[in-house]
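Please look through the sequence and the model before reading on.

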Amino acid sequence: MKNLKNRPGNLSEFTIKRKPKFTAQSIENKDLDLILQQIKECCKCTCKEEPVVVKDPNVKLTISVDMYVEDDETFSSNETARRQKSTSAILSQRGVNQSLMEFEVRMGGEIRVELSLTGYLIDQYGNVNVDGVIKLYEGTSESTGDLDGSRTFTVFCPVGNTTGYFVRVNNDDEGGDYSTAQISISTVIV
Ligand SMILES: [Ca+2]
Ligand SMILES: [Ca+2]
Ligand SMILES: [Ca+2]
């Protein structure tokens, strides 16, 4: 029909011979109605489908920490302590921060080190972030509230792997006291 519009001489001939049922305009409208109908059917189809829900996986973390603490002494040799702690936990909801480990070491009559680890799923694949803070208290006893050093960190733990992280906290206020923690974190989908 498009071509015929450009060739008016042939239009009447075409109309008589073929006796078209619809004019160009009505055919276009009919097509439009059909297309609209198809779109409606398609939408109905989509609406009937169950919404796609991506379930969060259950990820088991196995964590072990090797902590070393050194108490600097002026008139005698430094006192030292080494302690280990292990734990496991399961994360099952994205973005929800969960407590993983509280690790406290008291030593030397005047020092207390506190390590705290929390973690959360960062995606539907099971990758995890572990946030940590390690604090060194030093004062007149191991129960002192004198916070002399603190470090915070985040460890990205790709699922199905073992990730290591090393952190050191110094007595930033006085003396040469310090603590280190070697952290190992394994993640696996269960
Ligand atoms: Ca000391
Ligand atoms: Ca001491
Ligand atoms: Ca102090």
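**Terms and model**

Two strands are said to pair if DSSP finds at least two bridges between them. Strands (E, at least two residues) are DSSP runs, numbered from the N terminus.

This is a predicted model, in which local features need pLDDT of at least 70, side-chain atom pairs count only at pLDDT 80 or more, and totals for chains, interfaces and linings use all residues. Residues are numbered from 1 along each chain as its sequence is written.

**The two hairpins**

β4 and β5 run antiparallel and are joined by 11 bridges; G119 has V130 in β5 as its bridge partner. The two strands form a hairpin with 6 residues between them, and G126 in the turn has a positive phi of about 105°.

β3 and β4 also form a hairpin, with 3 residues between them. Their antiparallel pairing covers 9 bridges, and R106 is partnered by R112 in β4.

**The open sheet**

An open, antiparallel sheet is formed by 4 strands in the order β2-β1-β8-β7. Its edge strands, each pairing on one side only, are β2 (79–91) and β7 (162–170). Between β1 (residues 59–71) and β8 (residues 178–189) there are 12 bridges; V69 has S179 in β8 as its bridge partner.

**Contacts of V113**

Two residues are in contact if their C-beta atoms, placed from the backbone, lie within 7 Å. Leaving aside neighbours within four places in sequence, V113 is in contact with M67, V69, V105, I134, K135, L136 and S179.

Methods: Chains lettered and ligands numbered in written order.
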